[in-house]
Amino acid sequence: MTAHGEPATSDESNSNPVHPPVTSDVPLPNGNGNHKSTIVIENQPKRRVSIISDPPMIAGGGVIGGGYDNIAYEQNPRRKISQCSQHSHTEIGPARRKSILKDTPIHDNESDRASTHSYDYRGNALDILNAKYNGHQMGQSSQQGSNGANYVEESWMYTFCLKCRGEEPSASWEPPFWQKVFPYPLCPTFRTVSRLISLILIGVLIWVTAFVIIGDSAAPGGQLFGLVVLTVAANFGGYLISLTTLPRLIGMLMVGILFQNVGWVDLDGDFSKVTGHLRKFALTIILTRAGLEMEPKAFKKVYKTILKLGIVPWIVEAMVMAVMSHFLLDLPWIWALLLGTIIAAVSPAVVVPCLFRLRTKGYGVAKGIPTLVVAVAGVDDALSVAIFGIISTVMFSDKGLGYQIAQAPVCIIGGLGFGVVWGMLARIFPEKGDAFVVPLRTLLLFTGGLMAIYGSEEVGFEGAGPLAVVFSAFVSNLFWCKDGWDVEDNPVSTAFEIFWMIFEPILFGITGATIKIRELDSHTVSIGAACIFTGSILRILTTAGIAFGDRLNVKEKFFVGLSWMAKATVQAALGPVALKHLDENSTDEERNYAAIVQTICVFSIVLTAPLGAILISVTGTKLLTKTKQPQDLTGWRRSHRPSIRDISIIDEEEEREDPEIPEDKETQDNTHNNAHIPTISYSYNK
């Protein structure tokens with residue numbers, strides 16, 4: 001008792017006088033704002049504090065984390081240990097009261113504070129979104145605030161806006177008024193808007209310069225201006241399609257078809273030469289990336305599997321396509337073989353994003369299935385382009401029989417030889433310690449690939465160029481890895497991904513613009529679709545049949561075959577090439593054959609690219625085995641894409657759930673011996 005007969009508090013052990021309370025702003029325990037409370041601010045041995053009771057939290061009620069502090073040493077199970085516990089005090093025990101002196105950051109921004117006199121925070125949806133942007137949890141403030149936050153966060157608009165957002169590598173500076181005018185996440189960040197404005201300004205300045213130099217072609221209504229507008233629109237269309245998790249190239253292709261049939265673009269006439277050169281640039285980038293995806297050491301270990309699964313199914317699909325198109329579409333054998341070599345190519349642009357999503361979840365990682373599919377796709381691309389070059393040279397050359405017979409050996413030997421020489425030069429020049437080694441190696445590899453493509457065409461051995469591009473990138477990567485570079489963190493590969501970001505909308509935009517719906521023959525389209533699907537089905541069956549000795553079960557074999565049915569990049573690059581080879585001396589029949597080849601190539605993209613992406617995503621979770629601990633894919637690695645280095649068909653060391661492999665006997669004995677020990681589980685989420 002005190003001197004005045006009043007009971008002493010538990011915090012007082014002497015009769016020191018109590019000073020008047022001082023009002024101070026202290027943050028709420030849950031960080032929702034500030035609260036006016038009474039605190040004695042004195043340097044006293046003991047001090048009086050005011051404590052508040054938090055409302056009881058039930059499981060699943062939005063509480064951050066859950067569970068007891070230490071359930072193993074809890075003596076009174078009916079007492080709620082901490083505010084993080086998820087059980088209700090009505091079932092277990094009363095909630096423990098917390099001191100308001102808990103250290104929580106004090107925010108100086110008045111707009112982020114709740115009411116200073118009560119828990120009630122009566123804000124609108126905009127305030128709730130702003131609070132979430134600043135890291136607060138306004139749902140804990142009151143039942144009304146919680147309902148408002150849940151309503152907003154569960155709405156389709158909120159989910160859609162979050163889906164459009166990507167993670168930024170660093171904090172974004174914003175003007176003070178930005179969040180009030182453009183709330184998160186309904187509006188873009190200031191960084192996104194400023195980046196867009198910068199790109200628009202750069203584009204306008206380049207256009208003005210091009211207009212001064214070129215003239216009417218760069219003016220509105222000109223062909224160059226139409227190509228630029230088509231590229232920008234194709235990029236936007238690809239972005240919209242990517243929100244549905246389908247490949248971006250589908251949207252780009254659809255935009256090209258729309259522009260052509262509405263009459264918004266005209267790429268015919270003399271301007272077709274420009275689009276032809278753009279296709280060759282895009283083809284060089286595609287083949288270079290295919291070579292850089294292959295790590296030499298891993299390729300040496302599993303080259304038999306890669307070549308077997310890459311070449312044999314490719315031959316089957318190409319021959320099926322050639323035979324069916326010859327008898328059903330009346331194409332001559334040489335034209336049918338040309339079409340078969342194009343259609344048989346697999347598109348990494350479709351399969352890689354889908355396989356990466358499965359890989360991040362742990363599906364097929366133990367056997368390296370995602371990276372095996374990507375590696376074989378690169379081999380398919382190189383094979384298709386090389387054989388296409390040989391056949392097209394034979395078709396459109398007026399030289400003798402000996403020259404045509406020499407096409408295959410000269411193209412193979414010449415392409416491989418150029419690749420070895422250029423790859424060795426890329427190691428010596430520039431010197432590996434040069435401060436500008438990355439841009440110099442990138443430009444050296446790119447210009448060497450262009451020289452191989454244009455040079456082989458000039459000397460009459462067009463099939464040698466594609467092989468030279470792929471092999472020069474492969475050999476360069478071999479020496480760079482020996483010098484210390486990692487195939488997964490190769491900055492040259494990152495540079496070529498940036499090049500592809502530029503040329504992808506150009507390639508698929510102009511490819512879609514070659515399709516004129518009014519001129520299509522329904523018979524050609526229907527028979528072509530039947531040929532495409534028949535070849536794909538037989539390829540799947542062939543892959544499952546020859547994939548013996550690769551430690552793949554039946555489900556995994558069929559999944560690998562399904563992954564290779566998507567067509568896109570090679571078909572877009574090579575489909576219109578035959579038509580470009582024709583001149584004024586060509587017959588109407590030849591033009592008709594070339595138009596059929598181009599039409600079927602474009603429709604193969606439209607039909608198989610979205611279907612292949614859907615089948616990979618749906619069947620991957622059903623046919624592949626999921627690892628217990630998915631791989632850690634953190635890092636700046638280029639697009640976080642799988643590499644051939646991850647193939648572990650030879651060396652499988654990762655923990656996985658595979659019923660075909662029995663458990664270790666020592667592990668079973670330890671599990672049996674430790675069965676009597678109770679298992680203690682904790683439920684705590686940060």
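**Entry 1**

I looked up Met319 and found it in helix α9, helices being DSSP runs of H or I with at least four residues, numbered from the N terminus. Met319 is partly exposed because its relative accessibility is 40%, between the limits for buried (under 20%) and exposed (over 50%), with a 1.4 Å probe and protein chains only. The model is predicted: local features need pLDDT of at least 70 and side-chain atom pairs pLDDT 80 or more, while totals for chains, interfaces and linings use all residues. I note that residues are numbered from 1 along each chain as its sequence is written, and that side-chain values use heavy atoms, without hydrogens and water.

I then listed the nonpolar surface patch of about 900 Å², which includes Met319, Tyr303, Phe327 and Trp333. Patch residues have over 30% relative accessible area and no salt bridge; nonpolar side chains (Val, Leu, Ile, Met, Phe, Trp, Tyr) are joined within 5 Å and like charges within 9 Å. A salt bridge is a side-chain nitrogen of Lys or Arg within 4 Å of a carboxyl oxygen of Asp or Glu. Helix α9 (296-328) and helix α10 (333-343) each supply at least two residues of the patch, and the largest share, nine residues, comes from α9.

**Entry 1: the negative patch**

I found a negative surface patch formed by Asp583, Glu584, Asp588, Glu589 and Glu590; Asp and Glu count as negative, with the charge placed at CG of Asp or CD of Glu. Glu584 lies in the loop between α21 (577-581) and α22 (588-623). Glu584 is exposed because its relative accessible area is 68%.

I placed Pro370 in helix α12 (residues 369-396); Pro370 counts as buried because its relative accessibility is 2%. Beyond residues up to four places away in sequence, Pro370 touches Leu355, Arg359, Tyr363 and Gly364, contact meaning heavy atoms within 4.5 Å. I also noted 8.9 Å between the C-alpha atoms of Pro370 and Val351, which are 19 residues apart along the chain.

I placed Arg539 in helix α18 (residues 522-546); at 1% relative accessibility, Arg539 is therefore buried.

**Entry 2: the whole chain**

I recorded 23 helices and four strands, strands being DSSP runs of E with at least two residues. Of the 686 residues, 45% count as buried. Among contacts with a separation of 6 or more, 74% join residues 24 or more positions apart. The protein exposes about 35600 Å², of which carbon and sulfur atoms supply 62%; the areas come from the Shrake-Rupley method with a 1.4 Å probe.
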